[in-house]
Amino acid sequence: MPIEPFEITTVYPDGRTETRMSTPEETAQREADLAQFELDRIAREEAIAAAAAKRASAKAKLAALGLDDDEVAALLP
Amino acid sequence: MPINGLVVMTPTSIASTGTGNSSSIGANGKVTFSSCATLSLNGVFTSSYDNYMISYTATRVGTTNDFVVVRLRATGTDAITNYTYQYLYTDSTTVAAARTTSATYNQPYLYTRETEPLGGPLFVYGPYLSQATAFRSTTMGWNGTNPDTYDSAATHSTTSSYDGITFLSSGATVRLTGTLTVYGFNQ
């Protein structure tokens, strides 16, 4: 989604401040960043969910082989 | 006689964005920021020191899971290419890891849940030198109930000199609130 130009505030150690609007390049970069961030967030959450699912699957298969809960926990805490 | 150890690097200026944001530089060099979408530190890496540690703590305000990313910066302009980062995430017994190459930023900090804490050091090796820069971070995050961990290693392969760094929140509505201090390693 296109975003509007935004304010950039610069602060100096002596407390002085300056405010300007973002340039077209800066606005476009923020827009591109937000799109990439969303892709990264989805990929991260999918990777974590996949790892948890594999772990649960492995535990179930170990139990099916006859290992009791303590033995499964010893292998996959 | 100089004392070996950590030396506070007071930014020559900071720049921030985000609706209703504010930021300031304390007399002791500590940067305080509130409701920032981005926060840029200028003039914190110099020829005086090769390596740096950034002590960072923040909460964020938002409704989705997001994270904090960084970019090196030279004379007020962010570097937006040539990052590679590797992470290892643990949440109780759940472990996940991945590597991203040709990225437009480094991702040193785990996303956190709404208004909950995030903290940890970010080490930056050689940013001001005309060589590739290395990053290393270990972060405490929050899974909604308990702490979790996020370890990250990263490189920026452009062999240019950088004097600053930008922190970006990863969500359109997510804002960063917290404090940070940059230290140089004096030898």
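Two residues are in contact here if their C-beta atoms, placed from the backbone, lie within 7 Å. By that criterion, among contacts in chain B between residues at least 6 apart in sequence, 69% join residues at least 24 apart. The model described in this report is predicted.

## The two chains

Chain B contains 0 helices and 16 strands. Chain A, by contrast, has 2 helices and 2 strands, and these follow one another along the sequence in the pattern β-β-α-α. The radius of gyration of chain A is 25 Å, well over the 11 Å that the globule rule gives for 77 residues, so chain A is more spread out than a compact globule. For chain B, a compact globule of 187 residues would have a radius of gyration near 16 Å, and the value of 16 Å for chain B agrees with this.

| Chain | Span of the C-alpha atoms along the principal axes | Buried residues |
|---|---|---|
| Chain A | about 70 × 35 × 10 Å | 6% of 77 residues |
| Chain B | roughly 50 × 35 × 30 Å | 44% of 187 residues |

The largest nonpolar core has 43 residues, and the members that touch the most other members are Ile14(B), Ile54(B), Leu176(B) and Val182(B). Leaving aside residues up to four places away in sequence, Ile54(B) touches Pro121(B), Leu122(B), Val124(B), Leu180(B) and Val182(B).

## Strand pairing in chain B

Strand 3 (residues 22-25) and strand 4 (residues 31-36) of chain B are antiparallel partners joined by 4 bridges. Within this pair, Ile25(B) stands opposite Val31(B). The two strands form a hairpin with 5 residues between them, and Gly29(B) in the turn has a positive phi of about 90 degrees.

Strand 4 of chain B also pairs with strand 16 (residues 175-186) of chain B, again in the antiparallel sense and over 4 bridges. Here Phe33(B) is placed opposite Gly178(B) of strand 16. Strand 4 therefore has strand 3 as one partner and strand 16 as another.

## Backbone angles of note

Most residues other than glycine have a negative phi. Ser35(B), which is not a glycine, has a positive phi of about 55 degrees, and it is found in strand 4 of chain B. Ser92(B) is exposed, because 11 other C-beta atoms lie within 10 Å, and the limit for an exposed residue is 12 or fewer.

## Helix 1 of chain A

Helix 1 of chain A has 41 residues and reaches 60 Å from its first C-alpha to its last, close to the 60 Å expected at 1.5 Å a residue. After this helix comes Gly66(A), whose phi is positive, near 110 degrees.

The buried residues of helix 1 are Asp33(A), Phe37(A), Asp40(A) and Arg44(A). An α-helix has 3.6 residues a turn, so residues three or four places apart point the same way. The buried residues of the helix pack against strand 15 (164-169) of chain B.

## Where the chains meet

The contact between the chains takes 21 residues from chain A and 23 residues from chain B. On the side of chain A that touches chain B, strand 1 (7-11) and helix 1 (24-64) of chain A each supply at least two residues. Helix 1 gives the most to this side, with 12 residues. By type, the residues on this side of chain A comprise 12 nonpolar, 4 polar and 5 charged.

Terms used: Residues are numbered from 1 along each chain as its sequence is written. Chains are lettered from A and ligands numbered from 1 in the order in which they are written. This is a predicted model: local features need pLDDT of at least 70, side-chain atom pairs count only at pLDDT 80 or more; totals for chains, interfaces and linings use all residues. Ala, Val, Leu, Ile, Met, Phe, Trp, Tyr, Cys and Pro count as nonpolar, Asp, Glu, Lys and Arg as charged, and the others, Gly among them, as polar. The expected span of a helix is 1.5 Å times one less than its number of residues. A residue is buried if 20 or more other C-beta atoms lie within 10 Å of its own, exposed if 12 or fewer, and partly exposed in between; C-beta atoms are placed from the backbone. The radius of gyration is taken over C-alpha atoms; the globule rule is 2.2 Å times the number of residues to the power 0.38. A nonpolar core is a set of buried Ala, Val, Leu, Ile, Met, Phe, Trp, Tyr and Cys residues joined through C-beta atoms within 7 Å.
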